[in-house]
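Me: I am new to this structure. Could you walk me through how to read it?

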Amino acid sequence: MPPRASTDAAPGSLQEQSAAEEYRPDPKRWSALSVTLVVGFMSLLDVSIVSVALPSLQRDLGATPATVQWVVSGYALTFGLMLVPAGRLGDAIGRRRMFLIGLALFVVSSAACGAAPSVAWLVAARLVQGLAAGCLAPQNSAFIQQLFRGGERGRAFGLFGATVGISTAVGPVAGGAILGLASGPDGWRWLFLVNVPIGVVAFVLALRFLPRGGSGGRGRIDVVGVLLLGAGALAVLFPLVQAESGGLAQLWWLFGVGAVLLGAFVAWERRVVAHEGQPVFDPRLVTQTRGYGIGAALGTVYFVGFSGIWLVFALFFQVGLGYTPLQSGLAVTPFALGSASAAVVAGRLVERYGRKLTVLGLAGVIVGLAAAAVVLLLVPPSAAGWAIAPALLVGGIGGGFVISPNITMTLRDVPVSMAGSAGGGLQTAQRFGAAIGTAALPGLFYLVLSATGDDYPVAAAAGLAVSVLGAVAALVLGVVDLRRNRAEDAEAAAAERDRVREERHGPDHVHSHGHAWHH
């Protein structure tokens, strides 16, 4: 059933702001969405597409394994750090402006990556490219909040969810295909240079189709909040992105520092709100906005397994079975196809079924990944690539019913004036989950591999088991939110019935109605 705002919104609350905002359909809204989705796909693809080229990068640039790993982890780090500040900037100075700035920077930094004469140059360009991607990502969800309502918003988020799901899963496939076509010592450069013509065309189309305005007239930036959030997020993320080079063992103390800084950030933001200031991330999004806090938590725990499992599969197929990067990517394509197709369908159904879709999808993910683990343990390794396909297809279909409905349900009651910072906060939570998963699951894979005498199927199954546990945790949160929504809807329906009776018969009849009925 369509989501309803709470009936007890306090004056000046975020729910009241959301309800008061006017909506006029933009005739170019679907064209604008197409542009933002293409750019979003390109920026998300760059999180994983480069991983297949690390051996050739290390060889061609004469880099150490620890240094070349920064080509991947540096991008993920700056991407995650930029999401909330960029979302707030979009709300403050205009989403179109922030999108165009981010896209221009992404194109220039992609060209710099492709032309890099040294690994230091490449890492620096990737850091800037990650910042640009972080500028773009929150504008994508904010534009959907701004341009669409009702069933159209669900369909738009369905397409956005399909973009997120397929870009995450097909990175190794796309990387392997580009390397196959651009063979030679400098073939890896095309992984970055391919962004340039796509980005230029997208920039021209964005100038034409993206709506002007879109800011809430809230132009001040909370500098102290930005610094506290950035320092806290950096302290938490840095040991995780350095995990493969011993970051967890050497830098574990940064987690405590990060917790203190993030606690100070929350306290500061509450103080800014209490003094009627303009926070970089409004705490009322969590405390007052229906579904936002639990939806962000669900996305975080889900992305722990969803992001980390692709590295486990890459290690299993490439190191364990000797697959090429392209073959390894093709082996997990059923998940990507199932996820993309299901996300589009889910977008059309979310307005009617709401959180039920997320619960159903998580059940599908649990069944699919658990079945994949069993298949890897039972079938001969030579048949694993084919035998695992049906289980991954089931898991992918389930995953498609998780991401886009969760985004829709999490952001549905957020005021459009805060759509950028809210979307940035949600995606930051997902980035935290992804960072934990990409650090923990490969580490577990190698740990089990060492303990079992290089039993690759058992190591891969252990990684899948952690992904299943993450999906189970997300399922618990989804069920809690579903039950809470039902209770709130029942209360709202009862209040509406009482209001109708009062209008018809007066307050005395409403108060005595139950007693009179029995007599």
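Me: Let me start with two helices. Which residues in H2 meet which residues in H6?

Reply: Keep in mind that this is a predicted model. From H2 come Arg-29, Ala-32, Leu-33, Thr-36, Val-39, Gly-40, Ser-43 and Asp-46. From H6 come Arg-126, Gln-129, Ala-133, Leu-136, Asn-140, Phe-143, Ile-144 and Leu-147. By class, eight residues of this contact are nonpolar, five are polar and three are charged.

Me: How do I describe the way H2 and H6 cross?

Reply: Two packed helices are described by the angle and the distance between their axes. Here H2 spans residues 29-48 and H6 spans residues 119-147. Their axes come within 9 Å and cross at roughly 150°. Angles over 145 degrees count as roughly antiparallel, so H2 and H6 are roughly antiparallel to each other. The crossing of H2 past H6 is left-handed.

Me: What is Tyr-302 in contact with, beyond its neighbours within four places in sequence?

Reply: Its contacts are Phe-335, Leu-362, Val-365, Gly-399, Val-402, Ile-403 and Ala-474.

Me: Is Gly-361 buried or exposed?

Reply: Buried means under 20% relative accessible area. Gly-361 has 1% relative accessibility, so it counts as buried. Its place is in helix H17, residues 355-378. Beyond four places in sequence, Gly-361 touches Gly-398, Gly-399, Phe-401 and Val-402. Compare sequence and space, too: Gly-361 and Ile-403 are 42 residues apart in sequence, and 9.0 Å apart in space from C-alpha to C-alpha.

Me: Where is Gly-395 found?

Reply: Look in helix H19, residues 389-411. Gly-395 is buried, with a relative accessible area of 0%. Gly-364 is 31 residues from Gly-395 in sequence, and their C-alpha atoms are 5.6 Å apart. Leaving aside neighbours within four places, Gly-395 is in contact with Phe-335, Gly-364, Val-365 and Gly-368.

Technical notes. Residues numbered from 1 in each chain as written. Predicted model: local features only at pLDDT ≥ 70, side-chain atom pairs only at ≥ 80, totals over all residues. Heavy atoms only, no water. Axes fitted to C-alpha atoms, helices over the stretch in contact; angles between N-to-C directions. Helix = DSSP H or I, 4+ residues; strand = E, 2+ residues; numbered from the N terminus. Parallel < 35°, antiparallel > 145°, perpendicular 65-115°, else oblique. Left-handed = near helix turned anticlockwise from the far one by under 90°. Contact = heavy atoms within 4.5 Å. Nonpolar A, V, L, I, M, F, W, Y, C, P; charged D, E, K, R; others polar. Buried < 20%, exposed > 50% of the residue type's maximum accessible area, 1.4 Å probe, protein only.
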